Amino acid sequence: MEQAERSPAPPGAGPFSYPDGGDARATSAVPLPCDRRHLLGLEGMSREEILALLDAAEGFRARLRAGGMPFDDLKGVTVLLAFFEDSTRTRVSFELAGRHLGATVATLTAAGSSVSKGESLFDTVQNIAAMGVDLVVVRHGASGAPHFLARHLGVGILNAGDGRHEHPTQGLLDLMTLRDAWRGNFEGRRLALVGDVAHSRVARSAIFGLRALGARVTVAGPATLLPAGVERLGCTVVPTVEEAMEGADAVMALRLQRERMEGGLLPSLGEFSRVWGLTTERVRLLSRDAVVLHPGPMNRGVEVTPEVADGERSVILDQVENGVALRCAVLARCAAALRERGPLASRVRCGRDRAPDGEGA
Ligand code: CP
């Protein structure tokens, strides 16, 4: 089994253990070298690679809209959805994407699994991999958890959100939605990101993706919810929501992540809404054809008023639709990379094929 390189941790790296007893806080946030079996983050992903995924997702969207599922793109592939944190959009859209493409899809959630009896993340996923799984889609509260699994298990790992680190498929579906709104051109465009940046993996993936495609990002939020040194990610910080939104080509409200907050970061939800919320008046500050995004789940009346969430500029449900097609593209890419390396683990485990030396789960 491959040994991990120990390098600096992603923000908020969590308390899970290496098989040798080491500390996951020492795990690497650096993506594995260009290994397309995995999708761990958008940091470091090239413009060409991002655009290829967006093109593929558009192709899947056209096929899904035309109907006729299930297709057989992922026939013979087994996908595990391992969700150690709650999810609606990401989990259901990965499940639909897998099923639409003919994969076998199984789901594991922390509640009701042996995780509640103290089984570690590594042992849990290793046991399931031994059942014959090819791709594991993992959401975990600890930043770096998917990287840890990718380094230790021979299956493809797709990051469905790790702590406050990255949420790459959300970042890609946001890019897909913005590409539609911006008629294919990211150069010279600007997104305003407003709200709880400190706890937001969505913000980090959006910044990495937009920077790779040549767009700019302006960030605004309460000082207690802006991470120190956020400018180093490649964005500009401004002091007010009005300044962020003035002339922007899109605005994304970030959810207040109350489950990740320690006390005292905000005076009150009402105060946050009054100072930072997206209102009809503030949306008028945007450029003429600008759009409003929210990754969900939305705290209606806190980050965004119902009039804005349901208004004509809102593309929030387009984001959700695009999420299914985008996840089809990502699953197909990772499965293709696995197939290039030899027989799929699910087939080897079922005794149908022999794995090449050193391969397989
Ligand atoms: N945007 C997002 O990740 O939503 P879920 O938590 O519902 O998956």
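**Exercise 1. Decide whether L173 is buried or exposed.**

Start with the cut-offs: a residue is buried if 20 or more other C-beta atoms lie within 10 Å of its own, exposed if 12 or fewer, and partly exposed in between, with C-beta atoms placed from the backbone. L173 has 30 C-beta neighbours inside 10 Å, so L173 counts as buried. This is a predicted model, in which local features need pLDDT of at least 70, side-chain atom pairs count only at pLDDT 80 or more, and totals for chains, interfaces and linings use all residues. Residues are numbered from 1 along each chain as its sequence is written.

**Exercise 2. Work out where the buried residues of helix 1 lie and what covers them.**

Begin with the helix itself: helix 1 covers residues 47-66, 20 residues in total, and reaches 29 Å from its first C-alpha to its last. That is close to the 28 Å expected at 1.5 Å a residue, where the expected span is 1.5 Å times one less than the number of residues. Then list the buried residues of helix 1: I50, L53, L54, A57 and F60. Seen down the helix axis, these fall within an arc of 125°, so they line one face of helix 1; the arc is that of the directions from the helix axis to the C-beta atoms. On the other side of helix 1, E48, D55, A62 and A66 are exposed. Finally, the cover over the buried residues includes helix 5 (168-181), helix 6 (201-212) and helix 11 (316-341).

**Exercise 3. Describe the surroundings of the ligand.**

Count a residue as near if its C-beta atom, placed from the backbone, lies within 6 Å of the molecule. The shell around the ligand is then S87, T88, R89, T90, G161, H167, Q170, P295, G296 and P297. Domain 1 (24-167 + 321-349) and domain 2 (168-316) each supply at least three residues of this shell, with bounds from an automatic or database domain assignment.

Methods
Helices (H or I, at least four residues) and strands (E, at least two) are DSSP runs, numbered from the N terminus. Two residues are in contact if their C-beta atoms, placed from the backbone, lie within 7 Å.
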